[in-house]
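Here is a short briefing on one protein structure. Please read it with the model open.

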Amino acid sequence: MFRSRRAGLVRRLWRHRCAAPGPEDGPGALKPAAHALFKKLKDEELELLVQAVESRGAGQSGCVWVARAELRGTKQALPPQVLLCRLYRWPDLRHPHELKSLSGCQSFGGCGEGATLCCNPHHLSRLARPETPPPPYSKIYPFSCPWTEVSERPNSSHPESGCNAHGDWRDSGLERSTTRDGCWCKLAYWEHRTRVGRLYAVHETSVNIFCELPQGSGFSLGQLQAERRSAAVRRARSKIGRGLLLSREWDGVWAYNRSEHPIFVSSATLGPPGARGPPVHKVLPGYSLQVFDYKRVGGQAGWRRPGDGPCDPNSIRISFAKGWGPCYSRQFITACPCWLEILLTKPR
């Protein structure tokens, strides 16, 4: 690559850094380390990094490989993935253990091994840890929620009346798949109390769920049509954007928030053992959370909460932009404008 072309790419990279420096960095404090790292990148990797940074992760971009030994002996103590994430995503990031590789990255599952690692900042997410001191939205529901077996068939017009034996809301077509067809979960999209569209079966290990995604495939909520949509639903749908990435991994199911607004998540394994009902956790843009732990679900039966109907413990609920629970005006997820129900295939 001609030197002027490479210098132009470096200028573009520096121009797209976060406007506000981190609490430990003064203006331009990371510039020497950043330019030293850019100098180490191969031409094609520098172009890939520009592509990822300018698209803000909206498009598909390749891995940006850096040798782990490249920065040894230099004055820069930050690992390259932390340096780039601090420059372009989270100025307050401090440690590499706060990061998690996304399932589409070639470093996924083995980021701590090998002579090279991917430092594409949009191949990484920041971990949201539910064990940290919970804010008000994460409190356990104070309602009395006895765990009961769910056996009744749902009524098609009243979600409070219950769901079928698989924990599926109101629709007898919401039958849980088995592992025979290779489907590990099915997705149901809801607007308030009405399911919109058909079930979406997921066979790949990860799936994008979105309204607007320039590149990529998955469950497009933007293509789902409804007869009548309230203003609240239209406003909430406008905030879904790139949505989320749902992936099945060795330790459970993870959700990565790709949108520019929070998502709110609830499942039976997010709360402490013996809790009366599942808590609701807020996942900020760019963060990942393990939303389901296969080892913890055990043999729990379905649970019921007054006013919200029964729920299958092998399911996950995600609301876009709007939370629910005792700290919100919306007590139940059926009051949220746009939400997902993830029906997990129960392992045989």
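The side chains of glutamate 249 and serine 247 are joined by a polar contact of 2.7 Å. The model is predicted. Glutamate 249 belongs to strand 9, which spans residues 244-249.

**Glutamate 249**
- Is glutamate 249 buried or exposed? Its relative accessibility is 10%, so glutamate 249 counts as buried, the cut-off being under 20%.
- Leaving out residues up to four places away in sequence, glutamate 249 touches Lys100, Phe108 and Trp254.

**Nonpolar cores**
- The largest nonpolar core holds 64 residues. Phe38, Ile209 and Leu246 have the most contacts inside it.
- Helix 4 (residues 80-88) supplies the largest share of this core, six residues.
- A second core is separate and has eight residues, including Ala188, Trp190, Trp324 and Trp339.

- An open sheet has six strands in the order 6-5-17-16-11-12, and the pairing is antiparallel.
- Strand 6 (194-202) and strand 12 (281-283) form the edges, each pairing on one side only.
- On average, neighbouring strands of this sheet are turned by 25 degrees against each other, direction ignored.
- Strand 5 (residues 185-191) pairs with strand 6 in the antiparallel sense, over six bridges.
- Which residue of strand 6 stands opposite cysteine 185? Valine 202 does.

How values were computed:
Residues numbered from 1 in each chain as written. Predicted model: local features only at pLDDT ≥ 70, side-chain atom pairs only at ≥ 80, totals over all residues. Heavy atoms only, no water. Pairing = 2+ DSSP bridges. Helix = DSSP H or I, 4+ residues; strand = E, 2+ residues; numbered from the N terminus. Axes fitted to C-alpha atoms, helices over the stretch in contact; angles between N-to-C directions. Core = buried A, V, L, I, M, F, W, Y, C linked by side-chain atoms within 4.5 Å. Buried < 20%, exposed > 50% of the residue type's maximum accessible area, 1.4 Å probe, protein only. Polar contact = N/O pair within 3.5 Å; in protein donor to acceptor, adjacent residues only side chain to side chain. Contact = heavy atoms within 4.5 Å.
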